[in-house]
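Hi there,

Here is the structure I promised to pass on to you. Please have a look through it, and then read on for what turned up.

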Amino acid sequence: SGLRSAMDVKRCLQRLVGHSGQSRKGIAVLDLGWNCFTDDELKFLGELVSNNRNLRQLGLANCAASSQKNQSISPCVYFIEQLVHGVSL
């Protein structure tokens, strides 16, 4: 999908994943594979997914760049940590 070249990745993610609410409309399957996200962007994506009621399948193959904060921790950890707050998981 080429999100890395977007000016504001978080705003793009918000538009793709953030609009769920109580509505039955929304994306149910989303593949973001091969987009290189930072740890901050993956954390934000985790927050969006944890509040999304429509998304049933999310592909994140090869999405993590090396962490700026701690290179021994995969940025995907920041995504996974947010899932504990999920409302529909």
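A quick definition first: helix axes are lines fitted to C-alpha atoms over the stretch in contact, and the angle between them runs from 0 to 180 degrees between N-to-C directions. Please also keep in mind that this is a predicted model.

Now the overall layout. The chain has three helices and two strands, and along the sequence they follow the pattern α-β-α-β-α. There are 89 residues in the chain, and 33% of them count as buried. If you take the contacts between residues at least 6 apart in sequence, 77% join residues at least 24 apart.

Helix α1 covers residues 9–17 and helix α2 covers residues 39–50; their axes lie 10 Å apart, and the two pack at an angle of about 20 degrees. Angles under 35 degrees count as roughly parallel, so α1 and α2 are roughly parallel to each other. Their crossing is right-handed.

Which residues make the contact? From α1 come Val9, Lys10, Leu13, Gln14 and Val17, while α2 brings Asp40, Glu41, Phe44, Leu45, Leu48 and Val49. Sorted by class, the contact of α1 with α2 has seven nonpolar residues, three charged ones and one polar one.

I hope this helps you find your way around.

Best wishes

Definitions and conventions
Residues numbered from 1 in each chain as written. Predicted model: local features only at pLDDT ≥ 70, side-chain atom pairs only at ≥ 80, totals over all residues. Heavy atoms only, no water. Helix = DSSP H or I, 4+ residues; strand = E, 2+ residues; numbered from the N terminus. Parallel < 35°, antiparallel > 145°, perpendicular 65-115°, else oblique. Left-handed = near helix turned anticlockwise from the far one by under 90°. Contact = heavy atoms within 4.5 Å. Nonpolar A, V, L, I, M, F, W, Y, C, P; charged D, E, K, R; others polar. Buried < 20%, exposed > 50% of the residue type's maximum accessible area, 1.4 Å probe, protein only.
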